[in-house]
Amino acid sequence: MRLKIPTLTVVGAGPGDIDLITLKAIKAIKSADVILYDALINEALLDYASKETELIFVGKRKGCYAFQQEQINELIVTKAKEKGHVVRLKGGDPFIFGRGAEEIDYVIPFGLKTFMVPGISSSSAVPAYQGIPLTKRGASESFWVITGTTKNHNLSQDVALAAKSTATVVILMGMHKLDDIVRVFSEEQKQDTAVAVIQNGTTKEEKVGIGTINTIQQIVKEKQLTSPAIIVIGDVVKQKTSLSSIYSDIAFS
């Protein structure tokens, strides 16, 4: 019997809609001996896996970790040496706040071959599904993508820097810091700047709140918006089109 080479492929599962997956990602899933998957992936993607593939949930739900990051790192090495090809299936793009690079860095000294399959990031896809362009001539020439919460559980200092610019600001993992975000933008006299909060973007459970820095906290409360959600701040929110009706009528029906 030919021994399998211990291999890790970090795969981006996209923002939620199962159709937003790349062909390369599907090929990786089909060839996996073991799949370690996170909470935010669409679990229907696991149907592409072989019946012999071992499926292990390693995500976080409601603040509870199935595995700590150090345990996930060790599990990747153990399973790769035991079975061969490990696919680490992560929501969105694993190299955008997904810790994919950290996992690759960890396993390389153990002799694993490593591959990366990018995914469609929620930072761009979720606004797009709502008809919100992150850049548009006359409205925004650039955009920031920022984590709302750092590893020390503080608001990223980059939010304050972004608030001083005219760029579109996309904040991931920022719902628990919404009050702080509003304060930072208010200090820059941007109370009337448009804001969108999009929960469970690109899925059937999608919920949206549109307002301004002045009103978004009340809108979030009224609509009961919670994580997982992204926050989009900038004039491009005013450019929102009627793409949602097009999507419901013809897209992927």
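**Salt bridges and an enclosed strand**

Asp38 is buried, and so is Arg88, where buried stands for a relative accessible area under 20%, exposed for one over 50%, and partly exposed for values in between (1.4 Å probe, protein chains only). The model is predicted, and for that reason local features need a pLDDT of at least 70 and side-chain atom pairs count only at pLDDT 80 or more, while totals for chains, interfaces and linings use all residues. Residues are numbered from 1 along each chain as its sequence is written, and side-chain values use heavy atoms, with hydrogens and water left out.

**Salt bridges**

- A salt bridge is counted when a side-chain nitrogen of Lys or Arg lies within 4 Å of a carboxyl oxygen of Asp or Glu, and by this rule the count comes to 12 salt bridges.
- Asp38 and Arg88 form one of them, with their closest N and O atoms 2.9 Å apart.
- Asp38 lies in the loop between strand S2 (34–37) and strand S3 (54–57), whereas Arg88 belongs to strand S6 (residues 85–90), so the pair ties together parts that are 50 residues apart in sequence.
- Helices (H or I, at least four residues) and strands (E, at least two) are DSSP runs that are numbered from the N terminus.
- Glu188 forms a salt bridge with Lys164, and here the closest N and O atoms are 2.9 Å apart.
- Because Glu188 sits in the loop between helix H6 (178–187) and strand S10 (194–199), and Lys164 in the loop between helix H5 (158–163) and strand S9 (168–172), this pair ties together parts that are 24 residues apart in sequence.
- Glu188 is partly exposed, at a relative accessible area of 29%, whereas Lys164 is exposed, at 56%.
- Asp235 and Lys238 also form a salt bridge, with their closest N and O atoms 3.9 Å apart; Asp235 is partly exposed, at 38% relative accessible area, and Lys238 counts as exposed, at 58%.
- Salt bridges that share partners join Asp38, Arg88, Lys90 and Glu103 into one network.

- In strand S1 (residues 7–12), 6 of the 6 residues are buried, so the strand is largely enclosed by the rest of the structure.
- Both faces of S1 are covered, with Thr7, Thr9 and Val11 buried on one side and Leu8, Val10 and Gly12 buried on the other.
- Two strands pair if DSSP finds at least two bridges between them, and S1 and S6 pair in the parallel sense over 6 bridges, with Val10 standing opposite Arg88 in S6.
- S1 is also joined by 5 bridges to strand S7 (residues 113–117), and these two run parallel, with Thr7 standing opposite Lys113 in S7.
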